[in-house]
Amino acid sequence: METDLSGLHPPDQPVIETRGITKSFGHVEALRGASLRAYPGEVLALIGDNGAGKTTLANIIAGVHASDEGELLLRGISVDVASVRQARELGIEIVYQDLAQAPDLTVSQNFFFGRELLVKGIGRFLGKVDERAMRERTKEAMTLLGAQVPSLTVPVSALSGGQRQAIAVARAVMWAKAAIIMDEPTAALGAKQTAMVYDAVRAAADRGLAVILVSHDIPKMIEFADQMAIMRHGSVVAQMPTAGLELVDVLTTMLTAQKDAA
Amino acid sequence: MTATKPSPQASATTFSSSEPALVKRIITSTAFMIAVVVLVLILLFGALSPNAVFLGPANFRNLALDSAQLILLAVGMTFLVGAGELDLSIGANVILSSVVAAKVITLLGGTPEEVLAGNYSNVGVAIFFGLLAAVATGTVFGIVNATLVNLLRVNSFIVTLAMMSVGSGIAYIVTGGVNVSALPRDLQKNFGSADFFGIIPVPAVIAVLLGIVAWFAMTKLRFGTHTLGMGSSIRAAQRAGIKVKTQRVKLFGIMGLIAGLVGFIDISRFLTTNIQGHQGDALAAIAAVVIGGTSLFGGRASVLGSIIAAIIPAILINGLVIMRVGSFYQLVVTGLILLVAVGIDQRRRTQPS
Ligand SMILES: Nc1ncnc2c1ncn2[C@@H]1O[C@H](COP(=O)(O)OP(=O)(O)OP(=O)(O)O)[C@@H](O)[C@H]1O
Ligand SMILES: [Mg+2]
């Protein structure tokens, strides 16, 4: 997919837009007015130094935290995402930086954790889970990603870090209807698996989803992403298309920009 | 079985054994190992007891009756421990529920004179409301535990330790320290010491039925997955949109309900409350749960293992008594088995799969 070479806004309305989001944890001001726009069919790289607020912003979009101030818009409509459940219902999925998997549950149980498939008939009323259907859907999603796991019925604690990360990515891709946020999804991966995740991200974007990709690999993001949002000290100091961006300019912005320069 | 066809890079060999055959899974399961231990104990006492009385049907009836209450408590505790919680207050809950039930029965049973003479004119109604009172008291007690854990954000170990004191304190206040006795004989005859087919104790049947329901809920229902997921990683459960506080209320509520039922069984068997007793109930239940293969750290649980392990204390007590050895050795042996079980659990955690 080609990036918008004109350097202007793409024609579509953003799927996800944040406006002036602030968030404090006690005395720590994690976000001081963060604004970004993620467009359908595009990958938005979210970069910034450690502690810049990337994870906090990602988690607010995913409904983990409530913001103190600011607005979250889904396809131009202001939404109040008060819980992870609500974000999911709006079609927003996230791959957490720490994955947030239940290590003792199996691969397919983790895939469907919190929204288990139920059997039909009277068992449904009791909340009886349809293990087989869950395994089949999980297998499909993993195959789509080209990810390898030895078995879908082992607890995820028996898998390698890379395999666990692949599961988290495949799960988000399977469920997402509007947007996927990935918080450093390739951090624990080898070269081959990293390439697989990037392929999956691109495939998800090609399906029309907006993907927000948090990463520290700036050269890769310049090459791979469509747009880039640079965070510093809790705000997005710049967002622009990646076409023609120079690494040195990005680094300068990331490390020295003032908020009002945005 | 691999999910996808193995590529040269994927170290399929490392994992190919991770889905062992059914037979191997059963043999290596803790429930199976503990069943073997139980069988060995039964055979051992059978061989050592005079005239093999230990293996007689009368003794099996005693074993079933004596283990029923611990089985019930262990089943409830399996869910809590699996969810990463503990309830140390179940002994106090059993006492309080039995006291409330006994009070209700004596109040509704007839005039004070009739009741004192053990001559209840209104026995059916009294027993019905007594059962209701026991179960309601137990459930409310459990819900209070969960609510305190939720509100104070303190772990359940501390909360239920405090509630253990509160619960037995209230039982002493309500009774003035005197046991409520002279409960209607019908309670014992038709329930507490009653048998199906003249040999299978009613409380044991209740314990087994509840065990089956619990096994189904743990392994087949969403409720079980959410319970174990919460015990495995509470953060993961929260991020998966699971209402862990509500789940906690349900889990402690069920534990409380079971404690109330056990309290009712207790007064039905002995026709008196036992406010000095039940001190060791919580630890015995937790021990059975852990011996049965549930991880003390949550995330993994075996209802079947808990049920089998909950028979061990009764076997030891009966066996030692029959052999005229002090039954106090039971505590020592149970403690040793618990240590072995915890050791196995710890090893499993440090070397997954
Ligand atoms: N739950 C929390 N409680 C207190 N402070 C927090 C919490 N979460 C984040 N912070 C603080 O907010 C700031 C932003 O953190 P955040 O995790 O969003 O950064 P990040 O950009 O994702 O960093 P990294 O690249 O290291 O992942 C940091 O100063 C961090 O210490
Ligand atoms: Mg982060």
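How close do the axes of helix H4 of chain B and helix H10 of chain B come, and at what angle do they cross?

## Basis of the model

This is a predicted model, in which local features need pLDDT of at least 70 and side-chain atom pairs count only at pLDDT 80 or more, while totals for chains, interfaces and linings use all residues. Residues are numbered from 1 along each chain as its sequence is written, chains are lettered from A and ligands numbered from 1 in the order in which they are written, and side-chain values use heavy atoms, with hydrogens and water left out.

## Helices H4 and H10 of chain B

The axes of H4(B) (residues 57–82) and H10(B) (residues 202–220) come within 8 Å and cross at roughly 20°. Helices here are DSSP runs (H or I, at least four residues), numbered from the N terminus. Axes are lines fitted to C-alpha atoms over the stretch in contact, and angles run from 0 to 180 degrees between N-to-C directions. H4(B) and H10(B) are therefore roughly parallel to each other (angles under 35 degrees count as roughly parallel, over 145 as roughly antiparallel, 65 to 115 as roughly perpendicular and the rest as oblique).

Residues of H4(B) including Ala64(B), Leu65(B) and Phe79(B) meet residues of H10(B), among them Pro203(B), Leu210(B) and Met218(B); contact means heavy atoms within 4.5 Å. By class, the contact of H4(B) with H10(B) has 15 nonpolar, two polar and no charged residues. Ala, Val, Leu, Ile, Met, Phe, Trp, Tyr, Cys and Pro count as nonpolar, Asp, Glu, Lys and Arg as charged, and the others, Gly among them, as polar.

## Helix H7 of chain B and its partners

H7(B) (residues 123–152) packs against H8(B) (residues 156–175) at an angle of about 135°, with their axes 10 Å apart. That makes H7(B) oblique to H8(B). In this pair, Phe141(B) and Leu148(B) are among the H7(B) residues that meet H8(B), where Val159(B) and Met163(B) are among the partners. The contact of H7(B) with H8(B) has seven nonpolar, four polar and no charged residues.

The axes of H5(B) (residues 90–108) and H7(B) come within 8 Å and cross at roughly 150°, which makes H5(B) roughly antiparallel to H7(B). Leu96(B) and Val100(B) of H5(B) are among the residues making this contact, as are Ala133(B) and Phe141(B) of H7(B). The contact of H5(B) with H7(B) divides into 12 nonpolar, six polar and no charged residues.

## Ligand 1

Ligand 1 is surrounded by 14 residues, the closest being Asn50(A), Gly51(A), Lys54(A), Thr55(A) and Thr56(A) (a residue counts if one of its heavy atoms lies within 4 Å).

A polar backbone atom of Gly51(A) is 2.8 Å from an oxygen atom of the ligand. Polar side-chain atoms of Thr55(A) and Gln97(A) lie 2.7 Å and 3.1 Å from an oxygen atom of ligand 1.

Notes. Helices (H or I, at least four residues) and strands (E, at least two) are DSSP runs, numbered from the N terminus. A polar contact is a pair of N or O atoms within 3.5 Å; within protein, one must be able to donate a hydrogen and the other to accept it, and residues adjacent in sequence count only if both atoms are side-chain atoms.
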